[in-house]
Amino acid sequence: MTTSPAAGSRLDEEALVRCADEPIAVPGAIQPHGVLLAVTEPELAVVVSSTNAAELFGGPVASLPDVLTDDDLTRLREGLAGDLAEVNPLRMTVRGAEVDLVLHRADGLLLTEWEPVAGAEQAGAAWHRRLPTVLQRLSAATTLEELGATLARDVRSVTGFDRVMVYRFDPEWNGEVIAEARREDLEPFLGLRYPASDIPAQARALYTTNWMRIIPDAGYTRVPLDPPLHDGRPLDLSGSMLRSVSPVHLEYLANMGVVSSMSVSLIDRGKLWGLISCHHYAGPHRPSYSDRVAAEFLGRTASLLLHTLVAEGEREGVVAVASRAAELSASVGAAPRALAAALTGEDVTALDLVPAAGAAVRINGQLRLLGATPPADRVPGLVASLLAAGISTTDAASTVVPEAADLVDTAAGVLAVPIGGDDFLAWFRPETLREVTWGGNPYTSKVAQTDAGPRLSPRRSFDAWSETVRGTSQPWREHEVAAARSLAAHVAAAALNRASEDNRLAGALQRTLLLEELPKVPGVDLAARYLPSQEDVVGGDWYDLVPLPGGRLAVVVGDVAGHGLSAAAVTAQLRHALRAHLLRAGGPAAALSGLNEVTSALLPGEMATVVVAELDPASGDVVLASAGHLPVLHVTADGADYVMGGRGPALGVLDTPSYQEERLTLAGDDRLLLFSDGLVERGRGGLPVGLQQLKDAVGGSPADADALLDAVLTAMAPPTTDDVTLLAVART
């Protein structure tokens, strides 16, 4: 029968789920080289026993006092009062034979495991007397390779296994044999790799909590527990040395020709780092409990040394990266207003921080590239896609961002760190072809059909199988990632400090542009309001009142595009330039034409809107001109209307625009209201709705200028997302 790829994929998924759900911690059975009795405390009454208990004790066991001598029972009770780890094993005598009793607690019961001393291989007292020398050899190791070789040799010496391997996991949980000690006639496994599926996740979890596991005879017949359930559930055997193991694992060992196995975990700072894996081929093999504990002790000792040795192997690179990081941080601190230049234009650049072929620096939306990188138009999208996926470090970018498969020549590996907004720092490594030798083809099907459904079936061949790995770069090391993140933090802090300083300066500058006190103009009632945005420290709004020759008064409201220090600086220049033009020009239109010349010549790329109303207090005549600003509202006793005449383009849009003027007269209680767009802009209805609301709001409003502005602000309730400026002008 032929299985379609889709069907095969479904079978693989079902098998993985079934594997993940396999109850390896609660198998309901033990291995036959010992007996398990689960008892209550303090009565020591047996509530669960392995079905082989009668073979050891000569019959059914109802309670431990029934099968122990008075002395042994006393020693047991004394041990239960303390730390069980310190009393294991208790050497007992059962029916004249010595037995090692190992204790632990689970599911509210005391689990007692009885392992006969007879039949266990002994390393002998001579080896244990050499233990201090063995520990000294481990401690003297200066490299990871030396530690592994010493560990493999001494564990084999104490346990007598045919082969002992030290096995290290990579970040994807594939394993590699980094050291081995073996019988001379066995083929070497040193350097072989094994796929993550060989040791499923739940098995790795048990290795992290239970340091040692032994299978004296992989061909054993499992011994069930009686009763199979306690309080309605299987007994937790995750801490049991006799726990029966997965049939899949036994099949795996059989396929390798392994008759007996033992493993000791290597754990670095709480995380499973690797294993000491022991194999025996000549037949069943059971080292004594004391010898197994010695092997576990060596594994625990080596685990304490792992971090130091791994760090030592990287020390030279760590020091170099740290030195360059310090130089770059100093450059950033010395030039907070030129961060991009500090990272790309000095003797030490961002590219020098870590070993990489290319780097990218994006600050304030401006991208700078160093070395060999993807095209400039591809870099932001690649970095954004990786960060959006929650991945800042990868040595196989195309597996995360498939559309980047064509970038492997420059960006097979990417290290990217955000520095705020859309800005980032990134480093790139090209594809590095690697020859990897596996212990058997890891891609062969490992799914078998059973009556219960598909399950994982271990591959049968473990012959060396090589492949060339493409699309990956040299992996990023932990200290390299840490240095990149630290530099990004320095850049972000410098940018934040610079922004804070800019905002402080801009605020001070803008305060100089706002009149502390409105001028007293005979015959004119004036009022002004400025409401800064709550989202931006400094906006682009400004207003001015300029006394002109002949008693006239120029009333000005403007809005510069942008926010912050640059907008405040442009505002200051426009305000002073407009004052000069108003004093010598023949009316608002001419003044705006002159101001546009200043903008085009001295402030290229800047844009602003301005409205100017020249009022003659004696006659009430008003001359209006607008450079792209919102219309002035003329309020009379009959209502309110916008003055639509006298409008021209915004400043900085055209080189030689033509500005027109509109004339009107303020009579009686007439008022003029000049304002910025922050007052009338509305999210859903847009500007037209806001303008109509303002027009409706002034109808029936007080004639007094101050009262008018208060009434307008109350009625309009402008949002706080933009700054708001209002000026009211009336005659008295």
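Q: How many aromatic pairs does the structure hold?
A: In this predicted model, a pair of aromatic rings is described by the distance of the centres and the angle of the planes. Rings count as paired if their centres lie within 6.5 Å. The number of aromatic pairs that the structure holds is five.

Q: Are the rings of Y167 and Y194 stacked, tilted or edge-to-face?
A: The ring centres of Y167 and Y194 lie 6.0 Å apart, and their planes stand at 40°. Planes under 30 degrees apart would count as stacked and those over 60 as edge-to-face. The angle of 40° therefore makes the pair tilted.

Q: How many residues apart are Y167 and Y194, the pair that links distant parts of the chain?
A: Y167 belongs to strand β7, residues 163-169, whereas Y194 belongs to strand β9, residues 193-194. Y167 is buried at 8% relative accessibility, and Y194 is also buried, with a relative accessible area of 4%. The two residues that link these distant parts of the chain are 27 residues apart.

Q: Which kind of pair do the rings of F169 and W173 form?
A: The centres of the F169 and W173 rings are 5.3 Å apart, with the planes at 65°.
A: W173 and F169 are members of one aromatic cluster, together with Y167 and Y194. F169 counts as buried at 10% relative accessibility.

Q: Where does the charged end of R163 sit?
A: The charged end of R300 sits over the ring of W211, 4.1 Å from its centre. For R163, the charged end is 3.7 Å from the centre of a ring, and that ring belongs to F189.

Q: Why is strand β6 described as largely enclosed by the rest of the structure?
A: Strand β6 spans residues 109-116, a run of eight residues. A residue counts as buried under 20% relative accessible area. Strand β6 is largely enclosed because the number of its residues that are buried is seven of the eight.

Q: How many bridges join strand β5 to β6?
A: Strand β2, residues 35-39, pairs with β6 in the antiparallel sense over five bridges, and the partner of V35 in β6 is W114. Strand β5, residues 97-106, also runs antiparallel to β6, with D100 opposite E115. β5 and β6 form a hairpin with two residues between them, where D107 in the turn has a positive phi of about 55°. The number of bridges that join β5 to β6 is eight.

Q: What is the accessible area of the nonpolar patch of M607, V653 and L654?
A: M607 lies in the loop between α18 (588-602) and β26 (608-615), and at 41% relative accessibility M607 counts as partly exposed. M607, V653 and L654 form this patch on the surface, and together their accessible area is about 260 Å².

Technical notes:
Residues numbered from 1 in each chain as written. Predicted model: local features only at pLDDT ≥ 70, side-chain atom pairs only at ≥ 80, totals over all residues. Heavy atoms only, no water. Patch = residues over 30% accessible without salt bridge, like charges linked within 9 Å, V, L, I, M, F, W, Y side chains within 5 Å. Areas by Shrake-Rupley, 256 points an atom, 1.4 Å probe, with all protein chains shown as cover. Salt bridge = Lys/Arg side-chain N within 4 Å of Asp/Glu carboxyl O. Helix = DSSP H or I, 4+ residues; strand = E, 2+ residues; numbered from the N terminus. Buried < 20%, exposed > 50% of the residue type's maximum accessible area, 1.4 Å probe, protein only. Lys NZ or Arg CZ within 6 Å of the ring centre and 35° of its normal. Pairing = 2+ DSSP bridges.
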